[in-house]
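Here is a short report on one protein model. It goes from the overall fold to single residues.

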Amino acid sequence: MNVILLGPPGAGKGTQARKIVDSYDYEYISTGDMLRKEVQSESELGQIAKSYMNNGDLVPDKYIIEMIVTSLGDLDSKNLIDGFPRNISQAESLDKKLIENKQEISLVLHMYVEDKELISRLSNRAVCVSCQTPYKLKFPDEINEITCINSYCDNSSIKIREDDNPESVARRISVYKEDTFPVVNYYKDLDVNLVDINAHRPEDEIFQEISKFLEV
Ligand SMILES: [Zn+2]
C-alpha cells in the first residue's frame, strides 16, 4: 500500500507521519532523507545527485522519482511518501514511472488547515534539533527551557527553524497553494482514493481518523 501525505507547512504532517510509521510499520519515504542516504552510500544515483548538489543545483525530478519508486519495493509493502509530489509536473512524472514499474498510489491523505492557524502555528514554533518534533512556544524564552519529550532524543534541545520567520512562512504557504495544492485536485480527477483530513484538531484525534483509511 503506497500512501502519499499532502498538506501545507504547519499542518502537522511530520507528527502524523511518525505515528503512522511507528504504529503500523510503514516504510517512511521522504525525499530529503532518501537523497542523503543515496549520497552517503555512493550509489550510482547518489553520485549523480551529488554532482548536482555540489554545483548548488536542484537534483532533477527524474532522479528523485527513480529513487522513490526504487524504494517502494513490491505491491504488498507498506510505504508512506512525505513531501512529494510538490507540483503537477512531479505528480505526472511519478505516475508514469509507477505504471512502468507496475506500482500504484493506493491512498492520498490530504491534511488541511486554514491559513490563519498555520501562520500562528509556524510563528510560535520551535523544533527538536534531533527529531524535528514541533513545540509551541508560549513566550520566546521558553526555547531555553523546553527539551524534547521523545525518549530516543535524550532531552535534545529545541530551536527555531530558519524558515519559520514570518516572511518565509507566508512565502511557503503561498508556494504550497500555487504549486502543491493543485496536486490534490489532480489526484481527485484521476480517481485516486483521496481523503481530506481536517488537521485543525488534536493530533491523536487526527491520527485516529487517518488510521481508519490505512491498511494496518
Ligand atoms: Zn526529539
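**Overall fold**

The model is predicted. It contains eight helices and eight strands. Along the principal axes, the C-alpha atoms fill a box of roughly 50 × 40 × 35 Å. Buried residues account for 25% of the 216 residues.

**Core**

The largest nonpolar core holds 32 residues. Those with the most contacts inside it are Ile4, Leu5, Ile68, Leu80, Ile81, Val108 and Leu109. What does Leu5 touch, not counting residues up to four places away in sequence? Its partners are Lys13, Gln16, Ala17, Leu80, Ile81, Asp82 and Leu109. Among them, Leu80, Ile81 and Leu109 are also on the list of residues with the most contacts inside the core.

**The H2–H3 pair**

Helix H2 spans residues 31–41 and helix H3 spans residues 44–54. Their axes come within 7 Å and cross at roughly 105°. An angle of 65 to 115 degrees counts as roughly perpendicular, and H2 and H3 are therefore roughly perpendicular to each other. On the H2 side, the contact is made by Leu35, Glu38, Val39 and Ser41. On the H3 side, Leu45, Gly46, Ala49 and Lys50 take part. These residues divide into four nonpolar, two polar and two charged.

The loop between H2 and H3 contains Glu42. Glu42 is not a glycine, yet its phi is positive, at about 55°.

**Other backbone features**

Gln132 also has a positive phi, about 70°, without being a glycine. This residue sits in the loop between strand S5 (125–128) and strand S6 (134–136). Gln132 is partly exposed, because 14 other C-beta atoms lie within 10 Å.

The peptide bond from Phe84 to Pro85 is cis, with omega near -5°. Pro85 belongs to the loop between strand S3 (79–82) and helix H5 (88–100).

**Two exposed helix residues**

Glu203 is part of helix H8 (residues 203–213). With 12 other C-beta atoms within 10 Å, Glu203 is exposed. Leaving aside neighbours within four places in sequence, Glu203 contacts Gly12 and Thr15.

Ser23 is part of helix H1 (residues 13–24). Ser23 is exposed too, with 12 other C-beta atoms within 10 Å.

| Pair | Separation in sequence | C-alpha to C-alpha distance |
|---|---|---|
| Glu203 and Lys19 | 184 residues | 9.6 Å |
| Ser23 and Asn79 | 56 residues | 13 Å |

Definitions and conventions:
Residues are numbered from 1 along each chain as its sequence is written. This is a predicted model: local features need pLDDT of at least 70, side-chain atom pairs count only at pLDDT 80 or more; totals for chains, interfaces and linings use all residues. Axes are lines fitted to C-alpha atoms, for helices over the stretch in contact, and angles run from 0 to 180 degrees between N-to-C directions. Helices (H or I, at least four residues) and strands (E, at least two) are DSSP runs, numbered from the N terminus. Angles under 35 degrees count as roughly parallel, over 145 as roughly antiparallel, 65 to 115 as roughly perpendicular and the rest as oblique. Two residues are in contact if their C-beta atoms, placed from the backbone, lie within 7 Å. Ala, Val, Leu, Ile, Met, Phe, Trp, Tyr, Cys and Pro count as nonpolar, Asp, Glu, Lys and Arg as charged, and the others, Gly among them, as polar. A nonpolar core is a set of buried Ala, Val, Leu, Ile, Met, Phe, Trp, Tyr and Cys residues joined through C-beta atoms within 7 Å. A residue is buried if 20 or more other C-beta atoms lie within 10 Å of its own, exposed if 12 or fewer, and partly exposed in between; C-beta atoms are placed from the backbone.
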